[in-house]
Amino acid sequence: MLICKNIEVDFDGFKAVNGVDLTLDRGEVHFLIGPNGAGKTTLVDAVTGLAKYSGSVVKDGEELRGKKVHHIARKGIGRTFQTATVFEDLTVAQNLDIAAGAGRSPWALLRRRKHLPANVVETMDRIGLGKEADTPAGILAHGQKQWLEIGMLLVGDADVLLLDEPIAGMGHEERDTTGRLLHDIAADRAVAVVEHDMDFMRAFADRVTVLHAGAVLASGSVDEVSGDPRVQAVYLGTATDEKEPADAATA
Amino acid sequence: MDLFIGQLFTGLSTGSILLLAALGLSLTFGQMGVINMAHGEFIMAGCYTAYVTQQVVGDAGVSLLIALPIGFLVGGIMGWVLEALLIRHLYHRPLDTLLVTFGVGLVLQQVARDVFGAPAVNVTVPEFLRGGVDLLGTTVPKTRLFIMGLAIVAVTAVTLVLRFTPAGRRIRAVVGNRDLAETAGISSRTVDAGTFFIGSGLAGVAGVALTLIGSTSPTTGQSYLVDAFLVVVAGGLGRIKGAVVAAIALGTFQAVFETYSTASLAKVGVFVVIVVFLQLRPQGLFTLRTRSLA
Amino acid sequence: MRNFFATRLGTWTGFAAAALVLFGLAPLVLSGFRLGLLAQFTCYAIVAVGIGLAWGRGGMLTLGQGVFFGMGAYLMAMHLKMADAEFRNGPGAVPDFMELAGIRELPAYWAPFSSPVFTIAAILVLPTAFAVVLGLAVFKRRVKGAYFAILSQALAGAFAILLIGQQSLGGFNGLSRFRYFFGYNLDDPVNQQMLYFIAAGVLLVVVAIALQLRRSRYGELLVAVRDAEERVRFLGYDAANIKVVAYATAALFASVAGAIFVPVVGIISPASIGIVPSIMFILGVAIGGRASLVGPVVGALAVAWAQTALSEQFPSAWTYAQGLLFILVIALLPGGIASVAALTKRFQRTPAPVEAAA
């Protein structure tokens, strides 16, 4: 679905992402984990066109490198941010309606909305906000904002979702709801989740990629990855050999 | 060749005036993203400080030397008060701060008008700054040399303070990452107040110096403000180095453009150059890298 | 109340009431002189509607509306001067101020403005096109917030200085002393009243356009861009284009206002379009309520009225008042007068339905 090859992001000589290969497949919830500064968010920035990089990102046979942020979004790649970013002054319905309308003609934009599009109504129920259609997004609870942001990607017909810490600040129940939602939407999409929470990862990951110092340390199922001694070393803080991650990336 | 050197010199001189006016802005705008439209009135306050000092002291040379530190204090205190009373309460509303401080500027202008009158006043140039010096075949007014010298001193002083004093390190920490600096136990409030004091003090110094090359009226500061802002915009946020390069570049451009065309077209030219420049480097000459989205 | 005005019937009622006041009541109770003043204030109000759209809804603090106001004004003034000159001395004649300045030959760029159609087209197209080009240059590069505000202000400064340098546009003194407006004698009180009706009519049209933009999907999108521009970009929109539309619309409004201002007031000079007049346009919008529809209109009218009433008698006090209004309104009441009504309403309504969201 989405194939990243040899991504490198260079911040004034510091390689925040250093030769990462990553493939996201339809039907999978793919977790990206790793210590702070491992390059997870920067990788998402690169794929979505925010950070300049070398290497290649191909979706459905089309190279995305060098395209503008909004063009990449139109290709069906949606992302969320660490702090949920919704349009606080607009209602839930308005938020979703905007997200659903990136392809509208100027003429359609200049007219009033007569009815909510069907997929907006449907998505509101799916993300548990069916009763909040006319609530301003600014007064939603923290977790609801994150669901709304995911919902905005769904109505926008994104089929590759890159979610940056979607459960940050959520309680137990909300986490489980979110996890089930992720699986539900991954049925016909590729979902990548940047996350720190290991329990959440174990419960809901189909596949895990561990990043460390800008490179892929390990990739596989939850069991494969948690059994990997290099991963354990990184998380216990004993891996200091600079060469190791580079070796791992080629493995 | 003479013409070239003459122009280069005019450019450097115009540039150092711009730089003096913009240096303080670069600190306050750079650090807090706050646009202080009253900065021009702080410059104006510096001008009147020089004028009043001369009325009191009499001797032009002595009063200039006294007025420089007093001007710094006057500007600094005004800035400090403004920060404490208004700007501090308007963080996260940078555009509103711009308009509020414009209102403050209006009030200050009117105060100056009521106290000193609307007509311009003049400060006598000290004996030792009258006339010119022959330099590389052109005659350069001593007042211009003095302003250039002052600009160099001011930039050096600011750089040294930022780099080598504990207060300066705190300022740089807050510029780099406000939240992180707070976590590290730096009170960003104190730092902001300090920065505003220094930045506004520099406006006062600039005002004192500007009395050497022009007369002073309540709207004196306003005329320098927009150019000073353009320097900061082109130079990039929070970078003294950027402000220096941008000031000299814009000063030289303006000087050269004026010789081949008119002063009014030069202003338009500067605007066009900046818009074109922002096409190439939207974040200014030298930018700090941060990981934030905005 | 608010809900009523949001309905179709309410909208028409609002417009009908406004039309009744502007076209019926005002000419009845105001003397010719005062009606002329109201026409002038109405021009400011038209500018204010555009600023409300660009700044209040779109978050673009445009400190340079004087540029577009001035463009419209000068374009109209050029036509009026040409028409006067032709009326006196036949086709190709040089306007009176040029004779005084010693310009014998009509500058080439003046010639087309003898045509009323060309002039009106230029007033509608030139400033708007300029705003589109400038907006694209600036917004595509994501220059925004304070940077944009400063650039727009610098533009106003540069434009005023440029005009002062143009002797063929009257230089520092600008253009004044117009006798005819598309053939109608401007000294005739009836024609002055007609100008007022034109201004009032344009104000209603402009408000209607702004209303449609606000209620459309575009209006929601504009607010979204104001509050979270990057989020909009990541949803697949080109945020720059969305901003350009609002910016260019505001420019168009300002240009039309300038064009009406010239025959009403009888003079346009660089002094009324530079940095300070441009930022003064903002004051009324801020007081009335930047994000509301009617707020900017009311605010602009009120500020212009206060300025006329106070500035000659108490020039010093009026400047203090202006400064303090900027400080107090924006610091303490950023939503302007319009938000007072909304605040009290929210206060009354809180107990009932909002709780469900918590």
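Which residue stands opposite A:Thr209 in S10(A)? I looked it up: A:Ser219 does.

**Ground rules.** I am reading a predicted model, where local features need pLDDT of at least 70, side-chain atom pairs count only at pLDDT 80 or more, and totals for chains, interfaces and linings use all residues. I number residues from 1 along each chain as its sequence is written, with chains lettered from A and ligands numbered from 1 in the order in which they are written.

**Chain A, sheet.** I traced an open sheet of six strands, ordered S6-S7-S8-S3-S9-S10, with mixed pairing. Strands are DSSP runs of E, at least two residues, and helices are runs of H or I, at least four, numbered from the N terminus. I call two strands paired if DSSP finds at least two bridges between them. S6 (77-79) and S10 (215-220) of chain A are at the edges with a single partner strand each, so one side of each has no neighbour in the sheet. On average, neighbouring strands are turned by 20° against each other, direction ignored. S9 (residues 207-212) of chain A pairs with S10(A) over five bridges, in the antiparallel sense.

**Chain A, helix.** I then checked H7 (residues 172-186) of chain A. It lies across S3 (29-33) and S8 (190-194) of chain A and runs at about 150° to S8(A). Axes are lines fitted to C-alpha atoms, for helices over the stretch in contact (C-beta atoms, placed from the backbone, within 7 Å). Angles run from 0 to 180 degrees between N-to-C directions.

**Chain C.** I found 14 helices and four strands. The C-alpha atoms of chain C fill a box of roughly 75 × 50 × 40 Å along the principal axes.

Technical notes. Contact = placed C-beta atoms within 7 Å.
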